[in-house]
Amino acid sequence: MQLSTPQPARHPAPTTRASALAYLIFDRPDLEQAERFLRDFGLHPVAHDGDLLFLRGTGSAPFCYVVRKAPAARFVGLGLQVDRLADLEALSRLPGASPVQAVTCPGGGHRVELRDPSGFVVHAVSGREPVAALPRRAALPLNSADTTPRVNQTQRPPLAPPDVVRLGHVVLELADYQATCAWYTRHFGFIPSDVQVLPDGSPAVAFMRLDLGDAPADHHTLALAQGFAAMYSHSAYEVVDADAVGMGQRLLRERGWKHAWGIGRHILGSQIFDYWQDPWGDKHEHYCDGDLFTADAPTGIHAVSRDAMAQWGAPMPRSFTKPRLGPANLALLLRNLRRSPDLSLRKLLTLARIFG
Ligand SMILES: [Fe+2]
């Protein structure tokens with residue numbers, strides 16, 4: 001199986017190599033409601049000034065989630081960590097980039113604000129001060145047929161929001177797939193780990209990892225999917241083990257939040273996953289046990305299908321990938337069909353047949 005398009009592909013000499021997904025930014029009309037969901041999901045608020053809410057995991061990042069008070073709910077964009085001030089200077093010379101600015105929010109550092117070709121805001125950030133990790137439970141010792149670390153002891157994970165350790169990845173849908181994918185590979189050094197393609201060889205989803213050289217990186221930190229418009233698909237947060245995923249499901253269900261899909265184990269990335277909707281219908285994923293790859297691993301190409309989404313678990317509900325087709329989205333669809341070189345009615349119908 002082969003790709004029929006130039007992207008996704010590694011860039012031989014990217015402008016920078018991002019070293020982490022630092023944070024995501026969301027606009028929400030109701031910060032209290034946002035905080036209620038995110039606390040139940042397992043994030044910890046660090047600062048709240050009325051119009052801005054910062055949340056963190058238990059790891060060393062000062063925050064990984066920003067909520068801005070705004071009239072309409074929308075996903076705004078993402079922060080990508082780069083390691084050197086020289087990286088920020090190089091990025092500040094790109095068309096439309098801001099100058100290098102000092103950051104006043106938790107963790108400090110410097111940043112450059114950019115916009116990717118699909119219109120998502122991208123902050124390149126450097127020099128954030130790490131914070132002390134918060135206490136969390138260790139992974140449970142599991143008895144198996146091969147090893148029995150637990151004797152005369154029971155297994156009782158706490159009934160509490162599962163501690164999110166860190167932000168893992170974000171998945172975005174795009175109309176302008178080629179230009180957007182090329183931008184992230186060229187300017188931030190993303191490496192395609194696995195690509196799912198349509199029967200004509202054009203990419204439907206690219207799972208991309210950070211280039212950390214010989215250090216292991218998550219199978220995907222950014223995944224880009226061909227859609228009819230630029231849209232948030234979901235974001236994913238690492239928890240300590242499968243019992244945290246399961247206890248998270250029980251707790252979120254008991255507190256009345258809306259389940260999206262899970263529990264199961266993905267194929268590409270291998271994570272044990274469970275997806276929940278926030279109060280605005282945006283999907284948030286708990287996961288554990290994801291694959292790690294160094295920069296050496298080659299790109300895998302696979303046919304896209306519903307069956308390729310999980311090795312086991314509940315079947316993916318149709319609602320999971322169904323777009324909200326209100327009048328605004330219909331107008332976007334028609335406009336992008338005329339405008340975007342990556343979209344055709346045939347491609348959209350193929351995607352709808354597979355996922356619809
Ligand atoms: Fe995911």
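How much space lies in the second largest pocket? The volume of the second largest pocket is about 510 Å³. Here a pocket is an open set of points on a 1 Å grid over the protein atoms alone, with protein on both sides within 12 Å along at least five of seven lines. A volume is the space filled by probe spheres set on the points, which are joined across faces, edges and corners. The structure is a predicted model, in which local features need pLDDT of at least 70 and side-chain atom pairs count only at pLDDT 80 or more, while totals for chains, interfaces and linings use all residues. Residues are numbered from 1 along each chain as its sequence is written, and side-chain values use heavy atoms, with hydrogens and water left out.

The second largest pocket is lined by 28 residues, of which Ala-20, Leu-21, Ala-61, Gln-81 and Arg-166 are the closest to its centre; a lining residue has an atom within 4 Å of a point. At least two lining residues come from each of β1 (20–28), β9 and β12 (217–218). Strands (E, at least two residues) and helices (H or I, at least four) are DSSP runs numbered from the N terminus. By class, this lining has 14 nonpolar, nine polar and five charged residues. Ala, Val, Leu, Ile, Met, Phe, Trp, Tyr, Cys and Pro count as nonpolar, Asp, Glu, Lys and Arg as charged, and the others, Gly among them, as polar.

The structure also holds one cavity of 30 Å³ or more, a cavity being a set of points where a 1.4 Å probe fits but cannot get out. The largest cavity contains about 30 Å³ of space. Its lining includes Arg-28, Tyr-65, Asp-278 and Trp-280. Helix α1 (31–41) gives the most to this lining, with three residues, and the lining as a whole has seven nonpolar, no polar and two charged residues.

An iron ion is coordinated by His-169 (NE2), His-234 (NE2) and Glu-285 (OE), at 2.1 to 2.2 Å. Donors are N, O and S atoms within 2.8 Å of the metal (3.2 Å for Na, K and Ca); water is not among the atoms, so sites may look incomplete. The spacing of the donor residues in sequence is H-x64-H-x50-E. Because His-169 lies in strand β9 (residues 166–174) and Glu-285 in strand β17 (residues 283–288), the pair ties together parts that are 116 residues apart in sequence. Both His-169 and Glu-285 are buried, where buried means under 20% relative accessible area, exposed over 50%, and partly exposed in between (1.4 Å probe, protein chains only).

Helix α3 (residues 177–188) has 12 residues and reaches 16 Å from its first C-alpha to its last, close to the 16 Å expected at 1.5 Å a residue. The expected span is 1.5 Å times one less than the number of residues. Nine of the 12 residues of α3 are buried, among them Tyr-177, Trp-183 and Phe-188. Just after α3, Gly-189 takes a positive phi of about 70°.

With a disulfide taken as a pair of cysteine sulfur atoms within 2.5 Å, the count is zero. For Cys-105, the nearest cysteine sulfur is that of Cys-64, 13 Å away. Cys-105 is buried, with a relative accessible area of 19%.
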